[in-house]
Each structure stands twice: as structure tokens, then as C-alpha cells.
Amino acid sequence: LSFSCCRFFFFQAEDGIRDPLWSRGLGDVYKRQVSTQSTWDIQMKFQVFCLLAFLVALSYQTVGVLVPPPEKMTKEQVECLYKEPPKHMVIRAYTSDGKVDTNVISNIKVAKENGYVDIDVSISPCVPCEPVEQMKEMLKALEGQSYGKIWINCDVPGWREFKSFNQLFLDDLVNTIKGANKKPGIFSSKLVWEENFGADYDAMSSYPLMYENLDKRPDFKDFRPFGGWRKPFAKHYLSGVPVCDSKWEAIYKEQFIHLNDYVALK
């Protein structure tokens, strides 16, 4: 019951400030009153109680941040994020114009120096370019760096009309990642996937999926199976989060227990 009423507060704000994950200090606001109170006071305190319950429930989920390209992260920004405390970060390593992101090594380094151990990278592939060669170029640039998954961002321009070409292109990217003993992941919305790869294409379903739906809801209740995926790994649910002197992309994951992860794919 308390969780349902808290969801009410999550959606009611109309000024864009509807994301309680970045709220702090509410415990100082709610104080128990012994004296006789008006109905309005009681209702307001009940609402604050529900919001607090929502925040407690949310702390047992994961929400994430994407490093905003083409930005170079500063030590101060990463320290600020870590206090939230995000523990997982996805850093863009390759851009859709066919170039290694010039900030990727610096961003990985500053993230590690400030406490991050769970770091992934992403590639926004250049579709007109040769898939194997661009992946090898990215992998070479990342030599000596420690990172987890390589997320392939499928929400990029340039996909061909022929879905069979797009499928082979994606297959080449994934096989090159696996050939380097790295772990691939797929980032796509249902619409992008079915338009470019086909509703019945499920060859990638054995790899983790991060899907996109910017509904501002840190949950998987909106997820509809596609591409053979029955359950996602993560969700990109919020864009342009104004924290720590920048705007970040937020993701949600169930697999970990910490509040406010931040990641950047595009």
C-alpha cells in the first residue's frame, strides 16, 4: 500500500522535478507532531511518509548514469557522483562517425581513481564503415584498460534498408568482441530493433539487453519482449539528469543494490 501511494508522488510533479532518487534530507522534514493537527497537516505528513518509503524501496534497486559525450569528466564530477553513490558507469569508447572517443581513456582513469570498479564501455557503431575494423580499432585503443561489457548502441543513424545486411553487420561486431575475450551487450529500443533487424531476429538474445524507454520510471514494468529477450538486463529510462555540474543519462538495473548509477551511451 505504501509503495502505491509513493508512486503517486513520483508522477504528480509538473515542473520536471519528479525524480526522488536525487532528493536528500527529507528525514529532517518529517517530524511527528503530538498536538492536534488539521486534516491538511495530517495529509501532508502522510504524503511525506509515503515519499520516504518510496526512497527506501528505491535504495534496493539500481539506477545508472551514462557519461555525457563528448564530455571529459573531471575529478570533481566523479567524486560528486560517487557520493550519490553510483557504483556502475558506462563510458563511450567509439562514435558513430567512425572515431575512437578521445576522452575514453581519461574518463576510465578518473572513474577508477575515484572508486569505480564496475566500468563498462560502449560503441556507437559507424554503419557505413567496416564493422570488424572499427571494433578492432576501438579494442586497440583500450589495450591495457580494465573494463567489463562492451555495449553496442543500435540506436544510431545509417542502418540499411536490407535487414539481412544489418544483421550481418551486428554479428560481425559481436564476434569481434568475443574473439578478443570481451563480453558484448546490446543497447536498443523495441522500435529500433524491429525496424532495422526484424521482429523475428533473435540471434542476439543470449547477450544482455539494455533497452530504452524514457518514461522516467526506474522499473521494467513497461518492458515488452522483442528480439528473443524475455527479460532485460537494464533500462535507459531518463535523459538529461542535472547533477554534478552536468547532465547525465540514467539507467535502472535490478541485479545490484545501490542507489544512482550513471551511464552514457549516445
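This is a predicted model: local features need pLDDT of at least 70, side-chain atom pairs count only at pLDDT 80 or more; totals for chains, interfaces and linings use all residues.
## Around helix 5 and the cores

The buried residues of helix 5 have a cover that includes strand 2 (88–95), strand 3 (99–100), strand 4 (118–123), strand 5 (149–153) and helix 6.

Which residues of helix 5 are buried? They are P131, Q134, M135, M138 and L139. These residues sit on the same side of helix 5, because the arc they cover around the axis is only 135°. An α-helix has 3.6 residues a turn, so residues three or four places apart point the same way. At the start of helix 5, E130 takes part through its side chain: one of its oxygens comes to within 2.9 Å of the backbone nitrogen of V132.

Another residue of helix 5 (residues 131–141) is E133. With a relative accessibility of 48%, E133 counts as partly exposed. Although E133 and T176 are 43 residues apart along the chain, their C-alpha atoms are separated by 9.1 Å.

Now for the wider picture. The protein has 7 helices and 10 strands. Of its 266 residues, 47% count as buried. If you look at contacts with a separation of 6 or more, 72% of them join residues 24 or more positions apart. The accessible surface comes to about 13300 Å², and carbon and sulfur atoms account for 54% of that area.

Inside the protein, the largest nonpolar core holds 49 residues, and L170, I186, W193 and M204 touch the most other members. Helix 6 gives the most to this core, with 5 residues. What does M204 contact, leaving aside its neighbours within four places in sequence? The partners are L170, D171, V174, I186, W193 and W229. There is also a second, separate core of 7 residues, with V90, F187, F233 and A234 among them.

The structure holds 1 disulfide. C126 and C129 form this link, with their sulfur atoms 2.1 Å apart. The angle about the S-S bond is 60°, and the link is right-handed. A disulfide is a covalent bond between the sulfur atoms of two cysteines. As for another cysteine, C154 is buried, with a relative accessibility of 1%.

N181 is not a glycine, yet its phi is positive, at about 60°. N181 is found in the loop between helix 6 (163–179) and strand 6 (183–187). K216, also not a glycine, has a positive phi of about 65°. K216 has its place in the loop between strand 7 (209–212) and strand 8 (234–243).

Here are the relative accessible areas of several residues discussed above.

| Residue | Relative accessible area | Class |
|---|---|---|
| N181 | 73% | exposed |
| E133 | 48% | partly exposed |
| K216 | 26% | partly exposed |
| C154 | 1% | buried |

Conventions
Residues are numbered from 1 along each chain as its sequence is written. Side-chain values use heavy atoms; hydrogens and water are left out. Helices (H or I, at least four residues) and strands (E, at least two) are DSSP runs, numbered from the N terminus. Buried means under 20% relative accessible area, exposed over 50%, partly exposed in between (1.4 Å probe, protein chains only). Contact means heavy atoms within 4.5 Å. Accessible areas come from the Shrake-Rupley method with a 1.4 Å probe; for residues, only the protein chains shown count as cover. A disulfide is a pair of cysteine sulfur atoms within 2.5 Å. A nonpolar core is a set of buried Ala, Val, Leu, Ile, Met, Phe, Trp, Tyr and Cys residues joined through side-chain atoms within 4.5 Å. The arc is that of the directions from the helix axis to the C-beta atoms. A polar contact is a pair of N or O atoms within 3.5 Å; within protein, one must be able to donate a hydrogen and the other to accept it, and residues adjacent in sequence count only if both atoms are side-chain atoms.
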